[in-house]
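Me: I have a structure open here and would like to talk it through with you. Could you keep the answers plain?

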Amino acid sequence: MTVSSELTSPATASEPTPPVPAAEPAPPAGAFDRIAPRLHHYGLGMLRAGLGGVFVWFGVLKVIGLSPAAALVVAVLPFPAGDWFVPALGWAEVALGLWLVSGRARAAALPVLAAHLCGTFAVLVLTPSVAFAHSNPLLLTLVGEFVVKNVVLLAGAVVVLTHPRRTGGH
């Protein structure tokens, strides 16, 4: 018994092959399509600097005792905080901001930043009356908005810290 490398049935061997449709030409690139890659590159840098700047700024306010969020932080903690806690948290935020801007050790920075930002969601669970008006989770208070916006900070941190490094001379 011989095995052929081509196995075709007699009925299909005589059928003509349908023509392959011609590929449509690509539409000409518009101005936005031409500048979008450069905008994306600069946008990532702006996002990195903006996120880092927010962490440094909010951290410094905690360190110097002028953070409007300090009382909220202390109120949400499940343990009694000494006078040292809010400034220490501020220094940690300054360090996180500088770490984010530096772009170094990104694999380690991401879980630390994610843990910090997710920790802020404790307000929603531990003190919902402060975050939601009339006990309605769709009606955020000013504090609730302040906390929920951290979803955007977290998403930005994920984008910045997981973007592949440029290689070569680019």
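Me: Is A105 buried, partly exposed or exposed?

Reply: A105 counts as partly exposed because its relative accessible area is 46%, where buried means under 20%, exposed over 50% and partly exposed in between, with a 1.4 Å probe and protein chains only. This is a predicted model, in which local features need pLDDT of at least 70 and side-chain atom pairs count only at pLDDT 80 or more, while totals for chains, interfaces and linings use all residues. Residues are numbered from 1 along each chain as its sequence is written, and side-chain values use heavy atoms, with hydrogens and water left out.

Me: Where does A105 sit, and what is its phi?

Reply: A105 is in the loop between α4 and α5, and its phi is positive, about 50 degrees, although A105 is not a glycine. Most residues other than glycine have a negative phi. Helices here are DSSP runs of H or I with at least four residues, strands are runs of E with at least two, and the numbering starts from the N terminus.

Me: What about H134, buried or exposed?

Reply: H134 counts as exposed because its relative accessibility is 75%. H134 lies in the loop between α7 (128-131) and α8 (142-148), and H134 has a positive phi of about 55 degrees without being a glycine.

Me: Stepping back, how many helices and strands does the chain have?

Reply: The chain has nine helices and zero strands. Of its 170 residues, 24% count as buried.

Me: Which residues make up the largest nonpolar core?

Reply: That core has twelve residues, namely L51, F55, L96, L100, A109, L113, L117, L153, L154, A157, V160 and L161. A nonpolar core is a set of buried Ala, Val, Leu, Ile, Met, Phe, Trp, Tyr and Cys residues joined through side-chain atoms within 4.5 Å. At least two residues of this core come from each of α2 (31-63), α4 (85-102), α5 (106-119) and α9 (150-162), and α9 gives the most, with five residues. Apart from this core lies another one, of seven residues, including L72, V76, F132 and V147.

Me: And V160, which residues is it in contact with?

Reply: Leaving aside neighbours within four places in sequence, V160 is in contact with L44, L47, R48, L51, L100 and R106, where contact means heavy atoms within 4.5 Å.

Me: Which side chain does E93 join in a polar contact?

Reply: The side chains of E93 and H116 are joined by a polar contact of 3.1 Å. A polar contact is a pair of N or O atoms within 3.5 Å; within protein, one must be able to donate a hydrogen and the other to accept it, and residues adjacent in sequence count only if both atoms are side-chain atoms.

Me: Is H116 buried or exposed?

Reply: H116 counts as buried because its relative accessibility is 19%. H116 is placed in helix α5 and, not counting residues up to four places away in sequence, touches F55, L89, E93 and L96.
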